[in-house]
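I opened the model to look up its helix packing, its sheet and its salt bridges. My entries follow.

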Amino acid sequence: MHAEALRKQLHKRLGGTWTILIRLHPNAREHEAEVLKTNPGAVGVTNFPDLSALIMTADLVVTDFSSVMFDSLYADRPTFILAQDYDDYVNGERGVYDIIHKLPFTVTKTPEALISSINQFSPDEYTHKRQAFLNLIGDHESGESAVLLAKHVVAKMKGETVDDA
């Protein structure tokens with residue numbers, strides 16, 4: 001899929017002005033110039049050092065089966081999987097865990113299916129699927145971990161009894 005087509009579709013469906021950031025796997029970083037040449041208007045961020053900062057500034061993420069999908073899951077960014085090599089990936093020697101069918105993300109095999117997925121995106125449905133997946137994997141994050149840890153450390157330093165529950 002070319003970045004310009006994706007940018008136009010995002011504008012049509014969601015409004016606003018979109019910038020497409022392309023980040024290649026570190027093992028493919030030498031191909032960034034080539035990829036950008038075929039995606040005019042996209043911005044290469046392969047060498048940007050902080051992936052989490054990129055995800056936090058993104059409005060949505062399109063990826064393949066990269067673990068970046070879990071980073072975007074925790075950042076609560078809508079995520080779409082474009083896996084043009086889906087059959088080879090799932091049925092090939094790498095294989096994937098059965099969890100792939102439980103992910104809250106739409107998995108598409110073609111750029112056209114990705115566009116369709118974006119057109120049909122429902123924030124409420126995504127929120128529900130995301131929470132169901134987090135429950136499935138036993139995630140109980142409240143967003144208060146750092147505060148709770150700091151309180152725990154301070155209490156221990158003061159010799160106070162700490163409820164470890």
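I took contact to mean heavy atoms within 4.5 Å. Helices (H or I, at least four residues) and strands (E, at least two) are DSSP runs, numbered from the N terminus.

Ground rules. This is a predicted model, where local features need pLDDT of at least 70, side-chain atom pairs count only at pLDDT 80 or more, and totals for chains, interfaces and linings use all residues. Residues are numbered from 1 along each chain as its sequence is written, and side-chain values use heavy atoms, with hydrogens and water left out.

Helix pair. I checked α1 (residues 3–14) against α6 (residues 111–119): their axes come within 10 Å and cross at roughly 20 degrees. Axes are lines fitted to C-alpha atoms, for helices over the stretch in contact, and angles run from 0 to 180 degrees between N-to-C directions. So α1 is roughly parallel to α6 (angles under 35 degrees count as such). I noted which residues touch: Ala 5, Leu 6, Gln 9, Leu 10 and Arg 13 of α1 meet Ile 115, Ile 118 and Asn 119 of α6. Five of the contact residues are nonpolar, two polar and one charged. Here Ala, Val, Leu, Ile, Met, Phe, Trp, Tyr, Cys and Pro count as nonpolar, Asp, Glu, Lys and Arg as charged, and the others, Gly among them, as polar.

Sheet. I traced three strands in an open, parallel sheet, ordered β3-β4-β5. Two strands pair if DSSP finds at least two bridges between them. The edges are β3 (61–63) and β5 (106–108), each pairing on one side only. The twist averages 20 degrees from one strand to the next. Strand β4 (residues 79–82) pairs with β5 over three bridges. Phe 80 has Thr 106 in β5 as its bridge partner. Helix α6 lies across β3, β4 and β5, at about 165 degrees to β4.

Salt bridges. I found three (a side-chain nitrogen of Lys or Arg within 4 Å of a carboxyl oxygen of Asp or Glu). Arg 7 forms one with Glu 4, with the closest N and O atoms 2.5 Å apart. Both residues lie in α1, three residues apart, about one turn of the helix.

Conventions
Angles under 35 degrees count as roughly parallel, over 145 as roughly antiparallel, 65 to 115 as roughly perpendicular and the rest as oblique.
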